[in-house]
Amino acid sequence: SQGSPTQTVCGRKMAMKGGKNGLLGKKIDEKPVKIDKWDGAAVKNSLDDAAKKVLLEKYNYTENFGLIDGRLLICTVSCLFAIVALVWDYIHPFPESKPVLAFCVISYFVMMGILTLYTSYKEKSIFLVAHQKDPAGMDPDDIWQLSSSLKRFDDQYTLRMTFISGSPKHQREIEFTKSVAHFFDENGTLVMDLYEADVSKLHDSLSSEKKLK
């Protein structure tokens, strides 16, 4: 899908302001994010990365790698089973190694099943977990999560932001769905000012709800 000429022209003018509309403007202008706009994975990844920058650099939140570490742990254990199978079979050639090989193969596929469940029900489509420290250092950290979706052969990108308060535990979320053409010019360059404004709007909406609680 293509954005309207008016949107494209306005987007370019905003991007050329050198960061006046956003903290990240200058940095993005120095090295524009340019991708193949027909590559859905590249489009989604560039938007995800830009959204992460807004929370981590503009709002100075701290990224938590717990979800990624969990996935890496499962993958590491799976690889260890495969390595044990190879080494054991080398030291004790088949058929002597048959029981150990069977155990390692079964364990490997069990771990792959656990990985599938982990990515489907724990990670879901979350690509960022960030902590907002309590200024007084008394309450637990507030947690911000970002997740997104962009279906294959579709131009509608959905960004979901979730806020989990540290104390008391409350969870709220908000999202927007827009055509990717709204954020990229005809050359495939991300117009950061336009995108940052929408991401910040989600954040500020959740923040204002937080203050009203």
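Tutor: We begin with a term: pLDDT is the predictor's confidence in each residue, from 0 to 100. This is a predicted model. The mean pLDDT of the protein chain is 84, and 84% of its residues reach 70 or more.

Student: Over which residues does pLDDT stay under 50?

Tutor: In general, where pLDDT is low, the predicted coordinates should not be read in detail. Here that concerns residues 1-30, where pLDDT stays under 50. For this stretch the model has 44 contacts beyond four places in sequence.

Student: Let us turn to a helix. How many residues has α3, and how far does α3 reach?

Tutor: Helix α3 covers residues 40-58, which makes 19 residues. From first C-alpha to last, α3 reaches 26 Å, close to the 27 Å expected at 1.5 Å a residue.

Student: Which residues of α3 are buried?

Tutor: A residue counts as buried under 20% relative accessible area. In α3 the buried residues are V43, S46, L47, D48, A50, A51, V54 and L55. L56, also found in α3, counts as partly exposed because its relative accessibility is 22%.

Student: With which residues is L56 in contact, neighbours within four places in sequence aside?

Tutor: L56 is in contact with Y61, T62, E63, L128 and A130. One of these, L128, is 72 residues from L56 in sequence, while their C-alpha atoms are 9.7 Å apart in space.

Student: Now the sheet. In what order do the strands stand?

Tutor: Strands of a sheet pair through backbone hydrogen bonds, either parallel or antiparallel. In this model, five strands form an open sheet in the order β1-β2-β3-β4-β5, with antiparallel pairing. Strands β1 and β5 (171-179) stand at the edges; each has a single partner strand, so one side of each is left without a neighbour in the sheet.

Student: How many bridges join the paired strands, and which residues stand opposite each other?

Tutor: Strand β1 (residues 62-63) is joined to β2 by two bridges, and T62 stands opposite H131 in β2. Six bridges join β2 to β3 (residues 142-150), where L128 stands opposite L146. Strand β4 (residues 156-164) pairs with β5 over nine bridges, and R160 stands opposite E175 in β5.

Student: Is β2 mostly covered or mostly open?

Tutor: Strand β2 (residues 126-132) is mostly covered, with six of its seven residues buried.

Student: How many disulfides does the structure hold?

Tutor: A disulfide requires two cysteine sulfur atoms within 2.5 Å. The structure holds zero disulfides. The cysteine sulfur closest to that of C75 is in C79, 6.7 Å away, which is too far for a bond. Both residues are partly exposed: C75 has a relative accessible area of 27%, and C79 one of 45%.

Note on methods: Residues are numbered from 1 along each chain as its sequence is written. This is a predicted model: local features need pLDDT of at least 70, side-chain atom pairs count only at pLDDT 80 or more; totals for chains, interfaces and linings use all residues. Side-chain values use heavy atoms; hydrogens and water are left out. Helices (H or I, at least four residues) and strands (E, at least two) are DSSP runs, numbered from the N terminus. The expected span of a helix is 1.5 Å times one less than its number of residues. Buried means under 20% relative accessible area, exposed over 50%, partly exposed in between (1.4 Å probe, protein chains only). Two strands pair if DSSP finds at least two bridges between them. Contact means heavy atoms within 4.5 Å.
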